[in-house]
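Hello,

Here is the structure I promised to pass on. Please open it first, then read my notes below.

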Amino acid sequence: MKALRSLLFLMLLIASSSVCLAQMNVKASYKPSLLTTSTDIDKTLYMHGLAMDVSYNFPIHNHIPLNIETGLGFHYLFHNAPLGESYAPTDYQLSNLYLPVRISYNIKLSNRYSLAPYAGLYGRYFLHYKETTKYSYDQQSTPTIKYPFKEKYAELIYDRFQMGGQIGFTLMADEHFVLEVGYGCDFGNFMSDYSYVGNADLEKLEPRYKKRFHTLTLGLGYRF
């Protein structure tokens with residue numbers, strides 16, 4: 001993980017050295033995620049996601065249409081479980097800041113359109129996590145609200161900093177309008193679930209299961 005963070009930092013240095021040549025992109029995305037688990041103990045959770053980011057795209061070669069793109073974005077995730085979905089359905093809300101660094105290759109399709117497949121890395125940090133549990137047997141009861149990042153053992157259970165890999169493509173029209181389709185997967189686990197928390201040394205326990213995010217991006221943007 002340390003090597004991956006160093007690589008991401010190096011790519012950012014390359015990007016910042018050529019920022020004067022950059023084109024700015026502003027993009028809004030539907031960015032849903034699957035929170036998968038390593039065993040069958042818990043089900044995969046589908047979370048809706050909305051994102052907004054600003055990025056810079058600039059050429060890195062005079063004769064080959066290669067580009068580096070980097071920037072900063074905000075990603076909000078939520079899952080609203082209706083009453084009756086389980087005994088005690090839970091609503092989830094998470095947010096994170098993410099920083100992508102990727103390389104793309106421009107392919108001219110026509111005078112109006114171009115396609116740019118890309119691959120790269122991203123880093124992100126989770127800012128906020130809230131769980132609201134409702135009780136199906138009594139709709140008038142007060143929901144239980146939890147903030148898992150603030151609980152005991154949170155630093156050992158949750159890894160708020162994540163790095164991942166991403167692939168996808170952008171389709172550009174009239175040199176300004178951008179459509180993006182992409183997929184990303186975290187390299188590490190967002191959480192590890194332990195048994196006997198509080199009754200044993202947590203650092204010496206093996207987690208029952210681990211969870212990580214897989215994310216789809218469907219975005220529309222404008223390049224200045």
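Strand S7, residues 113–133, gives the most to the lining of the second largest pocket: five residues. Keep in mind that this is a predicted model. The space in that pocket is about 400 Å³. Its lining has 30 residues, and the closest to the centre are Asn-106, Ser-114, Ala-116, Met-172 and Arg-223.

Now the whole chain. The protein chain has two helices and 12 strands. Follow the elements from the N terminus and you get α-β-β-β-β-β-β-β-β-α-β-β-β-β. Contacts reach along the sequence too. Take those in the protein chain with a separation of 6 or more: 65% of them join residues 24 or more positions apart.

Next, the surface. The accessible surface of the protein chain is about 12700 Å². Carbon and sulfur atoms hold 60% of that surface. Of the 224 residues in the chain, 41% are buried.

Find His-79 in strand S4, which covers residues 66–79. Is His-79 buried or exposed? His-79 counts as buried because its relative accessibility is 14%, and the cut-off for buried is under 20%. A polar atom of the His-79 side chain lies 3.0 Å from the backbone oxygen of Tyr-46.

Best wishes

How values were computed:
Residues are numbered from 1 along each chain as its sequence is written. This is a predicted model: local features need pLDDT of at least 70, side-chain atom pairs count only at pLDDT 80 or more; totals for chains, interfaces and linings use all residues. Side-chain values use heavy atoms; hydrogens and water are left out. Helices (H or I, at least four residues) and strands (E, at least two) are DSSP runs, numbered from the N terminus. Buried means under 20% relative accessible area, exposed over 50%, partly exposed in between (1.4 Å probe, protein chains only). A polar contact is a pair of N or O atoms within 3.5 Å; within protein, one must be able to donate a hydrogen and the other to accept it, and residues adjacent in sequence count only if both atoms are side-chain atoms. Contact means heavy atoms within 4.5 Å. Accessible areas come from the Shrake-Rupley method with a 1.4 Å probe; for residues, only the protein chains shown count as cover. On a 1 Å grid over the protein atoms alone, a cavity is a set of points where a 1.4 Å probe fits but cannot get out, and a pocket is an open set with protein on both sides within 12 Å along at least five of seven lines; lining residues have an atom within 4 Å of a point. Grid points are joined across faces, edges and corners, and a volume is the space filled by probe spheres set on the points.
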